[in-house]
2 protein chains.
Amino acid sequence: MDICGIGDNKVETISQAIPLSKPPITEPRRTLTLRDVSEASGVSEMTVSRVLRNRGDVSDSTRERVLEAARRLGYVPNKIAGALASQRVNLVAVIIPSLSNMVFPEVMTGISDILDDTGLQPVVGVTNYSPDREESVLYEMLSWRPSGVIIAGLEHTEAAQAMLAQAGIPIVEIMDIDGNPVDSAVGISHRRAGRQMAEAIIAAGYRNIAFLGTMMPYDHRARKRLEGFEEALAKAGLSLVDREFYSGGSALLKGREMTEAVLTRSPQVDFLYYSNDMIGAGGLLYCLHKGIDVPGQVGLAGFNGVELLDGLPIKLATMDACRLEIGRVAAEIISGKHSSGTIGGEVIELFPTLQKGDTIRG
Amino acid sequence: MDICGIGDNKVETISQAIPLSKPPITEPRRTLTLRDVSEASGVSEMTVSRVLRNRGDVSDSTRERVLEAARRLGYVPNKIAGALASQRVNLVAVIIPSLSNMVFPEVMTGISDILDDTGLQPVVGVTNYSPDREESVLYEMLSWRPSGVIIAGLEHTEAAQAMLAQAGIPIVEIMDIDGNPVDSAVGISHRRAGRQMAEAIIAAGYRNIAFLGTMMPYDHRARKRLEGFEEALAKAGLSLVDREFYSGGSALLKGREMTEAVLTRSPQVDFLYYSNDMIGAGGLLYCLHKGIDVPGQVGLAGFNGVELLDGLPIKLATMDACRLEIGRVAAEIISGKHSSGTIGGEVIELFPTLQKGDTIRG
DNA sequence: ACGAATGCCGTTACCGCTAACATATCGCAG
DNA sequence: CTGCGATATGTTAGCGGTAACGGCATTCGT
């Protein structure tokens, strides 16, 4: 599944002022061009172009005449031709793994927040966590010659890496900084995030810890969190008591099911670390429903800091992934508005905060 | 916030076969064109074009030569120029109010499912339930000359209506069919859905019914559901005992809060009808937490049939909004694959099924 | 009062690619 | 061996805009 979006920018659509008590008289057989507007208003195409783009000097009287004609005809400029002629495209390719998990929509919000004042439009492609799909989405998007690329993760196919490196436009890899970016990167260290959570859990006195997560081979960030987590456990002389993976289906439901499976199989478990908040919430609901003492008997923690958690009976421990900020900074880099004056090649690390909520003792 | 996505189509990206043990030798100062590939392979630009589009007769030997050169150089075709020359654009504009509420991503999935075999790419624009925003997003997207438009709802500004009517491409208005489409429409009758739910609730013996919903003046579908709902209540000689609206924030949390407010203010209430599943789920969790007997003392129902409900302790009554199917049918119409041979102007009504779950008596 | 600096608008040459047509090359029936 | 249809490739002319520059009035400074 792929999605792509386009929003408005500050250029006022001429249509917004159309009075249009009734639709234009002449229904257009072929689509309108600058020439039609120029003929209707008695000036050259160039002048019409200038008026519609608000560029260059045009007298108020002719500007009025041109706008009136454009409105009357219902002219919509052809950006394809414009982009070809000007060699400028106001699109920014945004390539993300999924839209259905709450995290990327928020990144998109951050991106749009910033891009909205720049005349740039985000265009989203979804890869479903497939590297091949990512490669073809990227290829497809690059063929529209966007002025920048924001892409999730640092792991790409060789061909995708090559395309990114050669594109000649700003590239920002987001979410993750544990690796080597092609150009710029904005994100958090998931390895460190995993470590931090493990340290907090150990400090709270839990010792029999289980991991529950997704079985996506290409979810590198979840993998890195687990690696960091286990690394910190090892440093404390501990190791995971149990682990459980899932794929597909309702995350909330899977969270319940996996939790039940783990607690049944390994009754000694006193902490459940989930790879995301959604399954964590499912697990939490299960525990509460079963009357398990949380966080006394069993502690829980997720990852992401999704808004949904606010609605749960008690707050799940989690770690904010800085989604909004990641989107904002990435967009700033693309639009050249980022504070550091450098031109590309920067790695911006953000630091997530651990929210202990009500599901970790202490 | 705006988003837009592009996926792959069946055209194989030449890059996928790039061996690329190392990146191309010559880092390109200016971006490559057909001419570069044609010079590198000793044939005309036209022949290169034919090879890359897999169109027309080209001998196997030259095809190989051309592909090899394209791969070696890392050539990515310029769709802007191609679209301008061929007057064909493989993009479909998809304009929706939001991406953060679980319902539209599923519509997108349906759209992509179908479009994936057609060479068409969905491009998403998000309006945040603002008519003006919708108008400018539409204007922006039309200026890229897509080959079709899928847009949520039947209510648009006058200018937007005019643009849709004049665009000269297939338009499909989705989600709702209670109104007059510009061209085609695919959706359900929300008025009827509201009525049906009211009838089921009344039949189950509930009499003191409250409504809890969003305060979005432009969420016409929620409004129509409420209208249908009240209409059916009236027919049974009933009227809403209480109502509560919210906007913004975590829907799950708002559901809790609103439910508490209503139950405190109107203790006689025996049924809570929510305008969406998310706040319904929040309400359900609240009731369970408070030890309220559901569905004995209080019944609950939402709308949408979101997957999340599967993870709740008991199943919330809801009504499936046929999201996937709506997306699929809309995409079929755009791509000319829809069964009915007609060319536009059809209204396809889908019929949601009421799932009583565990929160309505009987 | 006169050259320079503007304001306003038109002309020309592309942007990179493809439709349509033109041309070459080959095989093979007559 | 000629001729004609297939096959393979090249040539030409845009697609609908915009950058760059040019020309012609006005206005202005000194």
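In which loop of chain A is Pro295(A) found?

Analyst: Pro295(A) is found in the loop between helix H11 (277-289) and strand E9 (299-301) of chain A. Keep in mind that this is a predicted model. A cis peptide bond joins Val294(A) to Pro295(A). Its omega is about 5°. Chain B has a cis bond too, from Val294(B) to Pro295(B), with omega near 5°. Pro295(B) sits in the loop between helix H11 (277-289) and strand E9 (299-301) of chain B.

Follow chain B past this loop. Beyond E9(B) comes the loop between E9 and strand E10 (318-319) of chain B, and Asn304(B) is found there. Asn304(B) is not a glycine, yet its phi is positive, near 135°. Is Asn304(B) buried or exposed? Asn304(B) has 23 C-beta neighbours inside 10 Å. The threshold for buried is 20 or more, so Asn304(B) counts as buried.

Now the sheet that holds E9(B). It is an open sheet of 4 strands in chain B, in the order E7-E6-E8-E9, with parallel pairing. E9(B) is an edge strand, and so is strand E7 (242-246) of chain B. Each of these two pairs on one side only. On average, neighbouring strands are turned by 15° against each other, direction ignored. Strand E6 (residues 209-214) of chain B pairs with E7(B) in the parallel sense, over 5 bridges. In that pairing, Thr214(B) has Tyr246(B) in E7(B) as its bridge partner.

Helices pack on this sheet. Helix H8 (residues 190-203) of chain B touches E6, strand E8 (271-274) and E9 of chain B. The direction of H8(B) makes about 165° with that of E9(B). Helix H10 (residues 251-265) of chain B lies across E6, E7 and E8 of chain B. H10(B) runs at about 155° to E7(B).

In chain A, helix H1 (residues 34-41) and H2(A) have axes that come within 8 Å and cross at roughly 100°. H1(A) and H2(A) are therefore roughly perpendicular to each other. From H1(A), the contact uses Leu34(A), Arg35(A), Val37(A), Ser38(A) and Ser41(A). They meet Glu45(A), Val48(A) and Ser49(A) in H2(A). By class, this contact has 3 nonpolar, 3 polar and 2 charged residues.

Asn54(A) has a positive phi of about 60°, although it is not a glycine. Asn54(A) has 10 C-beta neighbours inside 10 Å. The limit for exposed is 12 or fewer, so Asn54(A) counts as exposed.

In chain B, look at H2(B) and helix H3 (residues 60-73). Their axes come within 10 Å and cross at roughly 85°. H2(B) and H3(B) are therefore roughly perpendicular to each other. H2(B) brings Thr47(B), Val48(B), Val51(B) and Leu52(B) to the contact. H3(B) brings Thr62(B), Arg63(B), Val66(B), Leu67(B) and Ala70(B). The classes here are 6 nonpolar, 2 polar and 1 charged.

H2 of each chain also takes part in the surfaces near the DNA. Take DNA strand C. It is surrounded by 24 residues. The closest are Ser44(A), Leu34(B), Ser49(B), Ala81(B) and Ala85(B). Helix H2 (45-53) and helix H4 (79-86) of chain A, with helix H2 (45-53) and helix H4 (79-86) of chain B, each supply at least two residues of this surface. H4(B) gives the largest share, 5 residues. By class, the surface near DNA strand C has 11 nonpolar, 10 polar and 3 charged residues.

DNA strand D is likewise surrounded by 24 residues. The closest are Leu34(A), Ser49(A), Ala85(A), Ser44(B) and Asp57(B). H2 and H4 of chain A, with H2 and H4 of chain B, each supply at least two residues. For DNA strand D the largest share, 5 residues, comes from H4(A). The residues near DNA strand D divide into 11 nonpolar, 10 polar and 3 charged. Leu34(A) and Ser49(A), listed among the closest to DNA strand D, also belong to the contact of H1(A) with H2(A).

Methods
Residues are numbered from 1 along each chain as its sequence is written. Chains are lettered from A and ligands numbered from 1 in the order in which they are written. This is a predicted model: local features need pLDDT of at least 70, side-chain atom pairs count only at pLDDT 80 or more; totals for chains, interfaces and linings use all residues. A residue is near a molecule or strand if its C-beta atom, placed from the backbone, lies within 6 Å of it. Ala, Val, Leu, Ile, Met, Phe, Trp, Tyr, Cys and Pro count as nonpolar, Asp, Glu, Lys and Arg as charged, and the others, Gly among them, as polar. Two strands pair if DSSP finds at least two bridges between them. Axes are lines fitted to C-alpha atoms, for helices over the stretch in contact, and angles run from 0 to 180 degrees between N-to-C directions. Two residues are in contact if their C-beta atoms, placed from the backbone, lie within 7 Å. Angles under 35 degrees count as roughly parallel, over 145 as roughly antiparallel, 65 to 115 as roughly perpendicular and the rest as oblique.
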